[in-house]
Amino acid sequence: MPSHSETKTLPYSAAQMYELVADVAAYPQFLPWTAAARIRSRKPTPEGEVLEADLVISFKVFRERFGSRVTLNPTARQIDTEYIDGPFKHLTSTWKFRDMPDGGCEVAFSVDFEFRNRVLAGVIGVVFHEAMQRVVKAFETRAAALYGGGKV
């Protein structure tokens, strides 16, 4: 099962980065291989909100839709994603955001998943870590476009 974890310090506030990642509907505007996004439902919770969302991922000759449950917790500045349906055996991811004492914030991202389709798993497996680094970099680039400043 591919998994990836990455922690970075960025020159933006934890609140700014949280809001950027929480805006799932905007992913097709900047996230590599994301062809479409649709929010199925939104339900408030005591901690924040739970979204059910569909993303369409397009990679080489593959185009797949998958559904996920996204738990938004703005107080803890944490976003957790669980797989609902689509081409995976399983998928989980977590984003955590923490303001740093000297400014900026620490962003921690982890993802773990497995495809049902062995061919797709083989294709992705070869470039998985590079692909995940490109995804994280896309969020950094989007933050620079939205909030200005900082190095990307």
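Helices (H or I, at least four residues) and strands (E, at least two) are DSSP runs, numbered from the N terminus.

This is a predicted model, in which local features need pLDDT of at least 70 and side-chain atom pairs count only at pLDDT 80 or more, while totals for chains, interfaces and linings use all residues. Residues are numbered from 1 along each chain as its sequence is written, and side-chain values use heavy atoms, with hydrogens and water left out.

- The 7 strands form an open sheet in the order 1-7-6-5-4-3-2, with antiparallel pairing; two strands count as paired if DSSP finds at least two bridges between them.
- Strand 1 (3-10) and strand 2 (34-44) are at the edges and have a single partner strand each, so one side of each is left without a neighbour in the sheet.
- From one strand to the next, the twist averages 20°, with axes taken as lines fitted to C-alpha atoms, for helices over the stretch in contact, and angles running from 0 to 180 degrees between N-to-C directions.

**Hairpins**

- Strand 4 and strand 5 pair over 7 bridges, and their hairpin has 4 residues between the strands, with Arg-77 in the turn at a positive phi of about 50°.
- Strand 5 and strand 6 pair over 5 bridges, and in their hairpin, with 2 residues between the strands, Gly-86 has a positive phi near 130°.

**Helix 1 and Phe-97**

- Helix 1 (residues 14-22) lies across strand 1, strand 3, strand 4 (62-73), strand 5 (78-85), strand 6 (88-99) and strand 7 (105-115), and runs at about 155° to strand 6.
- Beyond its neighbours within four places in sequence, Phe-97 has contacts (heavy atoms within 4.5 Å) that include Ala-14, Met-17, Tyr-18 and Val-21.

**Val-56 in strand 3**

- Val-56 lies in strand 3 and counts as buried because its relative accessibility is 18%.
- Val-56 is the bridge partner of Ala-36, and strand 2 and strand 3 (residues 49-59) pair in the antiparallel sense over 9 bridges.

Technical notes:
Buried means under 20% relative accessible area, exposed over 50%, partly exposed in between (1.4 Å probe, protein chains only).
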